Amino acid sequence: MTSSFLDKIREVSKQFFAFPMEEKQKYSREADSIEGYGNDMILSDHQTVDWTDRLYLTISPEDQRKIKFWPENPKDFRETLHEYTVKLQETNDFLLRAVARSLNLEESCFLDQYGEQPLVTARFNFYPPCPRPDRILGVKPHADASAVTFLLQDKEVEGLQFLKDNEWFRVPIIPHALLVNVGDQVEIMSNGIFKSPVHRVVTNTQRERNTLAVFCIPESDNEIKPADQLISETRPSLYKKVKDYVSIYFQYYQQGKRPIEAVKI
Ligand code: OGA
Ligand code: NI
């Protein structure tokens with residue numbers, strides 16, 4: 001992907017969030033569903049809400065797109081998003097083949113677990129300046145429910161941090177790179193060789209921040225499990241077989257637990 005194409009995606013995303021509220025609210029999500037435009041979902045009375053506006057869309061399978069949530073303005077929003085995610089699906093395939101090869105496995109062993117109709121979703125994140133960054137996060141600590149996440153970061157404003165050995169590490173800005181993050185489902189399929197890291201987004205008082213996360217997810221009817229070749233007597237299977245991990249994920253997340261715990265043996 002060219003740098004100018006990545007800039008174009010940032011541009012349409014910025015333009016969308018810059019519209020007046022009435023325009024954005026044409027795409028508002030319904031109270032109990034994540035798809036569409038809105039704030040963090042309120043799942044419990046004790047929850048601290050994330051300091052963010054989002055636009056969440058299903059991209060693939062194409063017959064599951066809810067086009068009423070896809071912004072008509074800016075004019076090239078839909079086309080740009082479509083083109084971007086077609087390219088990302090190719091990148092996802094390429095990457096998972098390479099990951100399999102790096103472990104001396106059959107090239108298709110992870111991709112085969114995606115099934116015929118993998119799910120691709122996009123989350124446009126807009127973080128406004130926040131008066132109390134000491135108390136409020138843009139996104140609370142979480143690991144992604146996906147197999148693989150592609151994050152297009154803001155070109156100027158940092159905010160993402162990853163947890164390692166109980167310490168938070170800042171992610172630097174590399175303007176024309178995508179950040180590739182392994183989600184819980186690759187952790188499961190790789191029998192824990194690749195870890196799905198916990199991350200969060202911090203806020204700042206001065207500048208807004210725009211990012212786009214695209215999540216590549218195996219088909220929900222498909223069973224995913226650690227690859228057979230990665231299980232041995234010395235390294236037993238660490239995870240149960242699981243279907244529709246995304247639903248399990250949200251049930252656990254709601255209770256403030258790490259969803260991957262639900263499938264650990
Ligand atoms: C996410 C996420 C990070 C960011 O959407 O899951 O972790 O920097 N986003 O917006
Ligand atoms: Ni995330």
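Mentor: One term before we start: a residue is buried when its relative accessible area is under 20%, and exposed when that area is over 50%. Also keep in mind that this is a predicted model.

Trainee: Got it. Which residues coordinate the nickel ion (ligand 2)?
Mentor: His 142 and His 199 each use NE2, and Asp 144 uses OD. The distances run from 2.1 to 2.2 Å.

Trainee: How are those donor residues spaced in sequence?
Mentor: The pattern is H-x1-D-x54-H.

Trainee: Is Asp 144 buried or exposed?
Mentor: Asp 144 is buried, because its relative accessible area is 6% and the cut-off is under 20%.

Trainee: And His 142, buried or exposed?
Mentor: Buried as well, since His 142 has a relative accessible area of 11%.

Trainee: Switching to ligand 1. How many residues surround it?
Mentor: The shell around ligand 1 has 13 residues. The closest are Arg 123, Tyr 127, His 199, Arg 209 and Thr 211.

Trainee: His 199 again. What does its side chain do there?
Mentor: An N or O atom of the His 199 side chain is 3.0 Å from an oxygen atom of ligand 1. His 199 is also a nickel donor.

Trainee: What kind of space does ligand 1 take up?
Mentor: A cavity, and the largest one.

Trainee: Which strands supply at least two residues each to the shell around ligand 1?
Mentor: Strand E3 (119–127), strand E9 (199–202) and strand E10 (209–217). E10 gives the most, with 4 residues.

Trainee: New topic: the backbone. Where are the cis peptide bonds you'd point out?
Mentor: One runs from Ser 60 to Pro 61, with omega near 0°. Another joins Asn 73 and Pro 74, with omega about -5°. They deserve a look because most peptide bonds are trans.

Trainee: Where does Pro 61 lie?
Mentor: Pro 61 is in the loop between strand E2 (53–60) and helix H3 (77–102). Pro 74 also lies in the loop between E2 and H3.

Trainee: Now phi. Which residues have a positive phi although they are not glycine?
Mentor: Asp 165 has one, at about 45°. Asp 244 has one too, at about 50°. Most residues other than glycine have a negative phi.

Trainee: Where is Asp 165, and is it buried or exposed?
Mentor: Asp 165 is in the loop between strand E6 (160–164) and strand E7 (167–170). Asp 165 counts as exposed, because its relative accessibility is 67% and the cut-off is over 50%.

Trainee: And where is Asp 244?
Mentor: Asp 244 sits in the loop between strand E12 (242–243) and helix H5 (245–254). Asp 244 is partly exposed, since its relative accessible area is 32%.

Trainee: Last one: where is Gly 192?
Mentor: Gly 192 is in the loop between helix H4 (184–189) and E9. At 3% relative accessibility, Gly 192 is buried. The C-alpha atoms of Gly 192 and Ile 173 are 28 Å apart, and these residues are 19 residues apart along the chain.

How values were computed
Residues are numbered from 1 along each chain as its sequence is written. Chains are lettered from A and ligands numbered from 1 in the order in which they are written. This is a predicted model: local features need pLDDT of at least 70, side-chain atom pairs count only at pLDDT 80 or more; totals for chains, interfaces and linings use all residues. Side-chain values use heavy atoms; hydrogens and water are left out. Donors are N, O and S atoms within 2.8 Å of the metal (3.2 Å for Na, K and Ca); water is not among the atoms, so sites may look incomplete. Buried means under 20% relative accessible area, exposed over 50%, partly exposed in between (1.4 Å probe, protein chains only). A residue is near a molecule or strand if one of its heavy atoms lies within 4 Å of it. A polar contact is a pair of N or O atoms within 3.5 Å; within protein, one must be able to donate a hydrogen and the other to accept it, and residues adjacent in sequence count only if both atoms are side-chain atoms. On a 1 Å grid over the protein atoms alone, a cavity is a set of points where a 1.4 Å probe fits but cannot get out, and a pocket is an open set with protein on both sides within 12 Å along at least five of seven lines; lining residues have an atom within 4 Å of a point. A molecule sits in a cavity or pocket if more than half of its atoms lie within 2 Å of its grid points.
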